[in-house]
Amino acid sequence: MAELLLMPEVAAGATSAVLSSWPLAEASSYSAGEILAIIETDKAVVDVEAESDGILVKLLIAESQEVEIGRPIALIAAPGEVIADIDATLSALGYSPDSTPSESAEPVPSAAPATETSVEVSSRVFASPLARRHAKEKGIDLSQVTGTGPQGRIRKHDLDNVQATSGKSTPATATTAPAIPTPVPGTVTEIPHSRLRRAIAQRLVESKTQAPHFYLDATIRVDRLMALRAEINDGAQTRVSFNDFVIKAVAAAHLRVPQMNVIWTPDAVLQYSTVDISMAVATDNGLVTPTLRGVENMTVTQIALASKDFATRAKEGGLRQNELEGGSTSVSNLGMFGVESFSAIINPPQSSIIAVGAITAEPVVDNGTVVAGHVMRVTVSVDHRPIDGATGAMWLREFVDLMESPAKILA
């Protein structure tokens, strides 16, 4: 029996996603498990697989279009089913481009050049039909609203914190954002926000405003770690990085202090029995944090292989949504850039993140004698809601012990 294929909720809390491509053409037959559509979220690529055999009768959404969750994207039918009148079938199923729940029914305007400053272009307002109706009902001037949809198109949720005032909309909060100065022509290049950049900005603001951070610093002697790494990498096909040791040490420290292996939720603190750790990966489009699962049961070589795979696919945009979810902590390493120390922002809903700096050669005190040594500085950012300061301090003590006695990491 013919039915509508709907845009799935590919990420928790997502309201829309981009239909990246259609691997199959209209009227193509497919088998259960075959990929029907490829969808892009803010950070990942998701394959929509067929639940059973069927026919892809008609595509309702063009490639590269942003689609609201739950909106019909295709008409599918059972194997061998013949549909004589597609439009009548769509109508019988309740489909109408003008009555779908999506705010994307209105054609998306083409983007203006990045350096465009024409008053005529900038004064044109692009908004979804639902946003226009809501604005009309509330008396909101859409020309005063900044849209977050494709090419700056205004959607309904952009109006949630806006109220009508003398025919113009103003933020509902008491404070007003500072005016952006008009740049001198030719001195600035406008770089539109990407979906990933907007998502990063939203999550970082959420983290810093909702999670009360406290910070713990440590300087770690890593001469023995350097020697162990050199021994492991001698003749090895897979080379292990210092960051791989850090990830493994974080997992071991979480086993020693399980009170750190938690996240905060409105109703309870959730404590995990396995250690899942996210690793920060910088890409040309922004930061992503794929998650290694069950790190306590992985060797450093397995961590190295998984980390390299994540880093490669992150830069190619090939991470899956489930690989970007979960974890109670993250590791962010800027040592390769020569950064000696820094503080990182927690990746919600995780409860901590460890910022790792570069290894530097410095004078150190060894049994009362000043000698040449190598140190690494780390800063742990901790969410004070589920974790007390003493717990964070105990965890950092265990982490330092593991890093300075690295054979314990491999035990």
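What follows is a short chat about the nonpolar cores and salt bridges of this predicted model.

Visitor: Hi! How many residues are in the largest nonpolar core?
Guide: That core has 52 residues. Those with the most contacts inside it are Ile354, Val378, Trp395, Leu396, Phe399 and Met403.

Visitor: Which helix gives the most to it?
Guide: Helix H6, residues 242–256, with 8 residues.

Visitor: And what is Ile354 in contact with, leaving aside its neighbours within four places in sequence?
Guide: Its partners include Val250, Val378, Trp395 and Phe399. Ser330, Val331 and Ser332 are also among them.

Visitor: OK, new topic: how many salt bridges does the count come to?
Guide: The count comes to 10.

Visitor: Which residue forms one with Arg256?
Guide: Asp401 does, and the closest N and O atoms are 3.1 Å apart. Arg256 is in helix H6 and Asp401 in helix H8, so this pair links distant parts of the chain, 145 residues apart.

Visitor: What network do those two belong to?
Guide: Arg256 and Asp401 are linked with Glu398 and Lys408 in a network of salt bridges.

Visitor: What about Asp383, which residue is its salt-bridge partner?
Guide: Asp383 pairs with Arg385, with the closest N and O atoms 2.8 Å apart.

Visitor: Is Asp383 buried or exposed?
Guide: Asp383 counts as buried, because its relative accessibility is 1% and the cut-off for buried is under 20%. Arg385, at 35%, counts as partly exposed.

Key: Residues are numbered from 1 along each chain as its sequence is written. This is a predicted model: local features need pLDDT of at least 70, side-chain atom pairs count only at pLDDT 80 or more; totals for chains, interfaces and linings use all residues. Side-chain values use heavy atoms; hydrogens and water are left out. A nonpolar core is a set of buried Ala, Val, Leu, Ile, Met, Phe, Trp, Tyr and Cys residues joined through side-chain atoms within 4.5 Å. Buried means under 20% relative accessible area, exposed over 50%, partly exposed in between (1.4 Å probe, protein chains only). Helices (H or I, at least four residues) and strands (E, at least two) are DSSP runs, numbered from the N terminus. Contact means heavy atoms within 4.5 Å. A salt bridge is a side-chain nitrogen of Lys or Arg within 4 Å of a carboxyl oxygen of Asp or Glu.
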